[in-house]
Amino acid sequence: LMSEVNGEGFDQTKYLEKVMASNEVPEVLDNLNAIIQIISRRIHKHVGSNHSQLLKQAEHIKQIDAELSAAKARVKELRDVFYACRDDVTTPYNQLSRYVSQVEFLHIASRLSAQALRVASKRKALEAQMKAIEAK
């Protein structure tokens, strides 16, 4: 039965149909139970013989987990430093941007004031010329 099950062309549906048709169900179940016990013993033997290696692997996994936790903590610290540095850069940049906007506004206002002053002085000059012409 073991060699039949291990074969490459094993079809479980056909095998079950064959067993059901032959009325050998109790014997087949006994055989399957024996195979399961053999496999269980092999696994138990394998775990027993490789117990120390499995424990080493488990310890290695614990060590990797500890290193991963430490790496996560370092990443969190770096992220906090990054955010602090970002704030150190963006806050002055935002202030400078506001100052530049204010200077641009003042530049426009001074240009308008200069033009208004020029218009006012030309008006006075024209009024003075008009008075001079009227006085003649």
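**Overall build**

Author: The protein has four helices and zero strands, where helices (H or I, at least four residues) and strands (E, at least two) are DSSP runs numbered from the N terminus. Please keep in mind that this is a predicted model, in which local features need pLDDT of at least 70 and side-chain atom pairs count only at pLDDT 80 or more, while totals for chains, interfaces and linings use all residues. Residues are numbered from 1 along each chain as its sequence is written, and side-chain values use heavy atoms, with hydrogens and water left out.

Reader: And in what order do the elements run from the N terminus on?

Author: Read from the N terminus, the order is α-α-α-α. The radius of gyration is 47 Å, well over the 14 Å that the globule rule gives for 136 residues, so the protein is more spread out than a compact globule. That radius is taken over C-alpha atoms, and the globule rule is 2.2 Å times the number of residues to the power 0.38.

Reader: What does the C-alpha trace span along its principal axes?

Author: The span is about 145 × 45 × 20 Å. For Arg111 and Ser49, which are 62 residues apart along the chain, the C-alpha separation is 92 Å.

Reader: Where do Ile108 and Arg111 sit, then?

Author: Ile108 is in helix 4, which covers residues 51-135, and Arg111 lies in helix 4 as well. Ile108 is partly exposed at a relative accessible area of 41%, and Arg111 is also partly exposed, at 46%. Here buried means under 20% relative accessible area, exposed means over 50%, and partly exposed is in between (1.4 Å probe, protein chains only).

Reader: How much of the protein is buried?

Author: Buried residues account for 4% of the 136 residues. The protein exposes about 12400 Å², and carbon and sulfur atoms supply 61% of that area; accessible areas come from the Shrake-Rupley method with a 1.4 Å probe, and for residues only the protein chains shown count as cover.

Reader: Switching topic: which residues form the nonpolar patch on the surface?

Author: The patch is formed by Ile39, Ile43, Val47 and Leu54, which together have about 320 Å² of accessible area. Patches are made of residues with over 30% relative accessible area and no salt bridge, with like charges joined within 9 Å and nonpolar side chains (Val, Leu, Ile, Met, Phe, Trp, Tyr) within 5 Å. Helix 3, residues 25-49, gives the most to this patch, with three residues. Val47 is found in helix 3 and is partly exposed, with a relative accessible area of 36%.

Reader: Now charges: how many salt bridges does a search of the whole structure find?

Author: The search finds four, a salt bridge being a side-chain nitrogen of Lys or Arg within 4 Å of a carboxyl oxygen of Asp or Glu. One of them joins Lys76 and Asp80 at 3.2 Å, N to O, and these two residues of helix 4 are four residues apart, about one turn of the helix. Lys76 is partly exposed at 49%, and Asp80 is partly exposed at 41%.

Reader: What about Lys62, is it buried or exposed?

Author: Lys62 counts as exposed, with 55% relative accessibility. Lys62 forms a salt bridge with Glu59, and their closest N and O atoms are 3.9 Å apart. Lys62 and Glu59 are separated by about one helical turn, because they are three residues apart in helix 4.

Reader: And which residue forms a salt bridge with Asp87?

Author: The partner of Asp87 is Arg86, with the closest N and O atoms 4.0 Å apart. Asp87 is partly exposed at 40% relative accessibility, and Arg86 is partly exposed at 39%.
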